[in-house]
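Here is a short briefing on ring contacts and a pocket. Look over the sequence and the model first.

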Amino acid sequence: PSVTTHLSDVGRSRRSSRLFVGAVVVATVLLAPSSAVAQPCWQPPVAAPVSDPFRAPVCQWCPGNRGLEYATRPGTTVQSVGAGTVSYAGIIAGTHYVVVRLANGWRVTYGDLASSDLRIGDLVLARSAVGVASARLHFGVRVGPRYVDPAPHLGEWIHRVRLIPLDGTAAAPAGRPRLTCRR
């Protein structure tokens, strides 16, 4: 065999090794137990106060609040907390809902919408408009068949603490805030 043939075999071997390592990484991520997957930390869908917190129902048909209720101003734009695909868009018992299935399989519900242009199958990007709120917004999360409290997955913007000089010199720039979730 010539030197050229040997060098091409080495290149092929390296490519195969990289493909194998890549496949192992992907398999590890996909097959990892769900507890090992990082929990999301989302920016809230609206800038409004929560008027009614999550209250898990005792049974499937029992009363409770299967999400968070926000006291919104009518006409407020509701933004998606994450990227996904619309799995439901329509009206149930006179209330407009949009459900977005995220990449991790979670279903995020936006309810009590005044309007939405989204249809089943539409792709939604994080922070893109889901619809327009009425006087309130229902925001719910389902993991499998179970409703979970969305609050631990919603972050708040935390600004870096900085000292302000008393001698008249300019203060240091505030820096960028970071989104932090309570867990």
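**Aromatic pairs and the main pocket**

The count of aromatic pairs comes to three. The rings of Trp42 and Phe139 are edge-to-face, because their planes stand at 85°, over the 60 degrees required, with centres 6.4 Å apart. This pair links distant parts of the chain, 97 residues apart. The model is predicted.

**Where the Trp42–Phe139 pair sits**
- Trp42 lies in the loop between helix 1 (3-31) and strand 1 (50-52).
- Phe139 belongs to strand 8 (residues 129-143).
- Trp42 counts as buried, because its relative accessibility is 6%, under the 20% limit.
- Phe139 counts as buried too, at 0% relative accessibility.

- Tyr110 and Phe139 form a tilted pair, 5.7 Å centre to centre, with 45° between the planes.
- That pair also links distant parts of the chain: Tyr110 is in strand 6 (residues 107-115) and Phe139 in strand 8, 29 residues apart.
- Tyr110 is buried, as is Phe139.
- Ring pairs join Trp42, Trp106, Tyr110 and Phe139 into a cluster.

**The largest pocket**
- The volume of the largest pocket is about 340 Å³.
- Its lining includes Phe54, Trp61 and Tyr147.
- Arg66, Arg107, Arg142 and Arg146 are also among the lining residues.
- By class, the lining divides into seven nonpolar, one polar and four charged residues.
- Arg66 lies over the face of Tyr147, at 5.9 Å from the ring centre.
- Both Arg66 and Tyr147 belong to the pocket lining.

Definitions and conventions:
Residues are numbered from 1 along each chain as its sequence is written. This is a predicted model: local features need pLDDT of at least 70, side-chain atom pairs count only at pLDDT 80 or more; totals for chains, interfaces and linings use all residues. Side-chain values use heavy atoms; hydrogens and water are left out. On a 1 Å grid over the protein atoms alone, a cavity is a set of points where a 1.4 Å probe fits but cannot get out, and a pocket is an open set with protein on both sides within 12 Å along at least five of seven lines; lining residues have an atom within 4 Å of a point. Grid points are joined across faces, edges and corners, and a volume is the space filled by probe spheres set on the points. Ala, Val, Leu, Ile, Met, Phe, Trp, Tyr, Cys and Pro count as nonpolar, Asp, Glu, Lys and Arg as charged, and the others, Gly among them, as polar. Rings of Phe, Tyr and Trp (its six-membered ring) pair if their centres lie within 6.5 Å; planes under 30 degrees apart count as stacked, over 60 as edge-to-face and the rest as tilted. Helices (H or I, at least four residues) and strands (E, at least two) are DSSP runs, numbered from the N terminus. Buried means under 20% relative accessible area, exposed over 50%, partly exposed in between (1.4 Å probe, protein chains only). A charge sits over a ring if NZ of Lys or CZ of Arg is within 6 Å of the ring centre and within 35 degrees of the ring normal.
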